[in-house]
Amino acid sequence: MASADIKGFFRQKKGGVSKKPASSSRKKSGKSSVGTICLPEPAETPALMAHGKVDRQDEYGDGDEKLNQFDMEMRYGPCVGLSRLERWERACSMGLNPPPEIGNLLRSLSSSNPKLECLWEGRV
Amino acid sequence: MDGATIEDGEMKLFERKQAIYKSLDEKYLVHGQRYKGQQYSQIYFARLHHLRNLLHSLVTKWKPHLEVITVLGLEESRECVIVGTIYKHMKLKPCILDEYSKERTAVPLVKPHNFLHPDDQLILEDEIGRVKLRGSLLNPTDFVTGIGLALHGMKTIEGDFLVQDLLEAGFPPQTKLPRLGEDKYVVFVSGLNVGSNIFNPLQFQLFVDHVTGHLGGDNEQKMTSQIVRVVIAGNSVIIPHSVLNGQALTPEDQRKLTEPIKEVDILLTQLAAAVPLDIMPGPTDPANSFLPQQPLHRCLFPGASSYNTFFSCTNPHQFELDGFQFLGTSGQNIDDLDKYSSAQTKLEFVERTLRWRHLAPTAPNTLGCYPFTEKDPFFIENCPNVYFVGNQDKYETVLLHGPEEQQVRLVCIPRFSESGVAVMLNLRDLNCHALNFSADLDS
């Protein structure tokens, strides 16, 4: 039954999303009997996979958390439509003093790294 | 520019005066921008950022005893100041969703002129939230969406904000007005509308001949030799609508499409040969439709663009002439204000944009605009000496004096095809007068 694993499915801790939801939902579908509703696994919904983006939840680290916080910070303006580095540089030129470590982190990433784009890139 | 006096047979040669020109259109150019899929939230953020910094510094002098807080920090019955962008909720504003509405209510007939309604409401928005504005101080007919304001008031029990006082950004600072010892004139004209059935070629030819010095006696020629620049503020060409129905063009239609611009080129070649010329695109010209309109391409003017006196400019257009600052548009910003707010005269709208420090506050809400991410180019940083608006109904002008000794000449340039009026501005004293051209052979 799905209810036994509801807590696992909606596992959302402050400071990090659960590391391996894929394995837990696989376990869930194994246990389901005829007549139960299988909730779709978050990592494999077609909409997310269609863009071919790497599932961020696998490599969720401290840096990611900082970058997401940077995206969500309303002081620096909307995050959709700009790359993170552009938004950081815009915040610098507007005199908003964004944390320099974010700028260093973004500049150190290779150009194809998905962390360069904002959280909602390709998803909205 | 020769002139001959009949009495003594001497040829008097008048030399045209020169003025140092510097174009400041850099910030209106779009070619360096890359569209990354952004939406208009970015340009609103840039606008709020600039206006908020400005207003914060003004608020400390305006209400030093009050605190500036964000919309979400409002507490009931606590006087405070909030800063944000105005949003005007308008009942009659055309909305694309109305077409899909299933209910066929008895919608009041939309007035073609403007969309004002007594039930319009003002809302203040900052990055985090919005609050409805109440109070008799703010009359919604005077405001439009997109203005940055600071408001003093308090939150009411219903959750609205009761406005007790308001602060606009005010006139921008102005660099000291240069002193000119001699008369130098700038001629403004707009709305030639070549290609429409109201265009009278003789009338504009008269204008060209006058400005190039082919007409009149010594006095007139002396005066026209003092014209240092001609500025054409938009709508030089109008494409007949019968051609724009989406069907393939017959050779006859193609000629209808290209004839007007060729005619304009012939006329502009004559002008450019004699006097430095600025041409701005307008709503009916073959340029992009959203603001800032990019300069009309050189290939449209094969004759005129071969002269180095020919300048194709953006709309809005900003330039410096002998140290005088000029700023102007082809009229879209003021016409849009006219649809969503009301005033006694068009000049009042122009003055309001200067007090709000923003050329086109309704962009991008109801006026098409490029989605800039890093800046809002319509923000007026420095007060111009001359602020002109083209394609208006009639010629109007006023000299405004700002609180910090700014002096601005506001000019509304009428449509030449309808009125035959061009405007002549004297740089020495910022006085303006109208040039009337009539080619009516019947009168």
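Contact means heavy atoms within 4.5 Å. The model here is predicted: local features need pLDDT of at least 70, side-chain atom pairs count only at pLDDT 80 or more, and totals for chains, interfaces and linings use all residues. Residues are numbered from 1 along each chain as its sequence is written, chains are lettered from A and ligands numbered from 1 in the order written, and side-chain values use heavy atoms, with hydrogens and water left out.

Q: How many residues does the contact take from chain A and from chain B?
A: Chain A gives 12 residues and chain B gives 12 residues.

Q: What area is buried between chain A and chain B?
A: About 1,000 Å², with 62% from carbon and sulfur atoms. Buried area is the accessible area (1.4 Å probe) that two parts lose on being put together, summed over both.

Q: What makes the pair Asp376(B) and Arg47(B) a salt bridge?
A: The N to O distance is 2.7 Å. The limit is 4 Å, so the pair qualifies.

Q: Which parts of chain B are domain 1 and domain 2?
A: Domain 1 is 2-34 + 174-436, and domain 2 is 41-96 + 112-167. These bounds come from an automatic or database domain assignment. The contact takes 25 residues from domain 1 of chain B and 23 residues from domain 2 of chain B.

Q: What area is buried between domain 1 and domain 2 of chain B?
A: About 2,100 Å², of which carbon and sulfur atoms give 62%. On the domain 1 side of chain B, Tyr340(B), Trp356(B) and Asn365(B) lose the most area to domain 2, together 29% of what that side buries. The rule finds two salt bridges across this interface.

Q: Why is Trp120(A) called partly exposed?
A: Its relative accessible area is 35%. Buried means under 20%, exposed over 50%, and partly exposed in between (1.4 Å probe, protein chains only).

Q: What makes helix H5 of chain B mostly covered?
A: Seven of the nine residues in H5 (332-340) are buried. Among them are Ile334(B), Leu337(B) and Tyr340(B). Helices (H or I, at least four residues) and strands (E, at least two) are DSSP runs, numbered from the N terminus.

Q: Which elements do the buried residues of H5(B) pack against?
A: Strands S4 (80-89), S14 (324-329) and S15 (386-392), and helix H6 (346-355), of chain B.

Notes: Salt bridge = Lys/Arg side-chain N within 4 Å of Asp/Glu carboxyl O.
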